[in-house]
Amino acid sequence: MTIFGMRRREGNASSTQIAVPSTYFQKHPSVPHLRDQNEYRDLYQKSIENPSEFWSSMATSCLKWDIPFDRVHHGSFDHGDHGWFLGGKLNACYNCVDRHALESPDKLAMLYERDDPEGAPQKITPGCTKGDIVTIYLPNIPEAVVSMLACARIGAVHSVVFAGFSAPSLRDRVDDARSKVLITVDESVRGGKVIQMKNIVEDALTGDEGRKVQCPGLRKVRTSGGMKNVPSGRVIVSQCSSLRRVRKMFCAGDVGWITCHSYLVYTPLVLGITTVVFEGTPTYPSYDRFWQILDRCKASHFYAAPTALRMIRKMRPNGSSIPLERLRVNASIGEPLASNVWQWCYEVFGRKEAHVLDTYFQTETGCHAFSPLAGVTPTKPGTVALPFFGFKPALIDPDSGREIEGDESRGLLVFKQPWPGIARTVWGDHARYLKTYFGGHSGYFTTGDSAYRDRDGCYCILGRVDDVVNVSGHRLSTAEIESTLLDHGAFAEVAVVGIDDQLTGQAISVRLPQEPGRGGQKGARTISKTAYRGNYWSLCSTQEVFLVSDLPKTRSGKIMRRLLRKMLEGERHELGDTSTLLHPAVLSNIIDEVNEQA
Ligand code: 6R9
């Protein structure tokens, strides 16, 4: 079978590498840890060939241990029993807060950007003990970070639930985690709208009829009214004020997302970098909001999801006049960053002064698995560049199950050896963990994504394996088709799914959010055909194009193609878990719009 038969440049990767902008070094006096790509290669090789030595040196130089570890790693993929830094003991909160506060007590740990920039933050206490599982149902406010750190400090496990989740979704997560304590606020504000979070919690606890008691394991609920006496008084929470030349990172996601666990909370705080906590949305009060925050906070690093970048690009194609005095790293995460969106980020958003990085990781990897190194390695638009330290990637042929050697090849993305951030179980269901991540291909960790490796060894993520469209034996990744349509420049957002087709097995179906002045469905069909030509030459005739007012997305900005596929296949009442949807109403709107256009 032809796996991926396409004429176009593979994987939408650009063939040119773009060097680190020279302004990178002018924006901040600090220099990167590594000199150049050669040093990266040497160190990477060490991390793969002798992981114990590499991670031991990293763990001792970056962290303060109460009891030093006596063994770096134990376990195997076959048994799924990984343990790291055995015998060692450290406190994550101490590493994030106290040791920096002791060294430089007036250094900022957090900057808090409210939805509405006026007003002062409140402080909270979790009230729980070691071993408890604490559900944190808070918006992006400093208290969310303080609650996470407070849990880490006393040895409680935090389970952070996205603040936008509904009462049933919250209830499921409290029950699933067997949580004893829940921390929330009375209300939050997002995009100028007040959300009564305490009422949502009450609904979660009383059930739909308001009678039955739910979440029986829950012992305590803390709302803002009852939260006083911050245990960790050393976290300095401040509005943008007295700013000094320290590195500051603005990670613009929801604190419930792994991206923010790793890159809003723990990484910057462990490294002594000020982290910016933003409560609002990129569009309120205007589409300039990200620029405003980066300017006000003098942030050096920016991290956002492509969906937010695409939306801002659509509304502010020429950027903003707000200066970005310090911005030198502009990174994206969560979905593919199409080449032309990459180009816009580089030329317009960051004015060719910031290093643009498309990074790749998963909840299960815990940290970057691929990324250009800021200020060190060149970037290649359309790729996530080279593997991060300790990640040994491979591509597997989906049919034979064999590893694919050589560059310019594509297949299922797996990792061949463990790294410290690897997920160690699925809570309460270890058998599921073994089956999902190690069951498919023995000896490998399965990511569930497919990828392309180009001639320079750079990787391009092609999307979830389930999202691949199989037309007449040609396996096409939805990410590539979407990227082609985005590169054509006519649309800001696109979703492509494969639907059953008697002739070809599967046909391509395209969803485009409605945009005025594009000539409606017919115009969109013409535009998408033009964009396809030369790329998906023989497949164009099977496509369907629908214009919809919005796409179903998770709170972290991922398009839920599975739902679109099910809706088209007539399984509108069996959509499965929709609890992670940002706007649940979008589903019925899409059904109406598709019915009108079909
Ligand atoms: C961090 C995060 C993980 C999935 C992952 C992949 C997709 C992440 C990507 C990307 C293309 C990138 N993904 N980064 N796809 N290019 N740069 O998003 O974690 O929410 O667990 O999602 O996101 O499909 O497997 P998580």
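Predicted model: local features only at pLDDT ≥ 70, side-chain atom pairs only at ≥ 80, totals over all residues.
Polar side-chain atoms reach the ligand at several points. Asp-358 places one 2.8 Å from a ligand nitrogen atom. Thr-363 places one 2.5 Å from a ligand oxygen atom. Lys-558 also takes part: an N or O atom of the Lys-558 side chain is 2.8 Å from an oxygen atom of the ligand. On its own, the ligand has 540 Å² of accessible area, and the protein covers 91% of it.

Charge pairing was examined next. Side chains of opposite charge can pair when their charged atoms come close. Across the whole structure, 25 salt bridges are found. One of them joins the side chains of Lys-27 and Glu-353, with an N to O distance of 2.8 Å. Lys-27 sits in the loop between α1 (23-26) and α2 (37-49), and Glu-353 in the loop between α11 (339-349) and β15 (355-358), so this bridge ties together parts that are 326 residues apart in sequence. The two partners fall into separate accessibility classes. Lys-27 has 8% relative accessibility and therefore counts as buried, since the cut-off for that class is under 20%. Glu-353, at 27%, counts as partly exposed.

Asp-295 and Lys-298 form another salt bridge, their closest N and O atoms being 3.3 Å apart. Lys-298 counts as partly exposed because its relative accessibility is 21%.

A further salt bridge links Glu-482 to Arg-561, with the closest N and O atoms 2.9 Å apart. Glu-482 belongs to helix α13 (residues 478-487) and Arg-561 to helix α15 (residues 561-568), so the pair connects parts that are 79 residues apart in sequence. Both Glu-482 and Arg-561 are buried. This pair is part of a network in which salt bridges share partners. The network joins Arg-310, Glu-335, Asp-467, Glu-482, Glu-493, Lys-553, Arg-561 and Arg-565.

Methods: Residues numbered from 1 in each chain as written. Heavy atoms only, no water. Polar contact = N/O pair within 3.5 Å; in protein donor to acceptor, adjacent residues only side chain to side chain. Areas by Shrake-Rupley, 256 points an atom, 1.4 Å probe, with all protein chains shown as cover. Salt bridge = Lys/Arg side-chain N within 4 Å of Asp/Glu carboxyl O. Helix = DSSP H or I, 4+ residues; strand = E, 2+ residues; numbered from the N terminus. Buried < 20%, exposed > 50% of the residue type's maximum accessible area, 1.4 Å probe, protein only.
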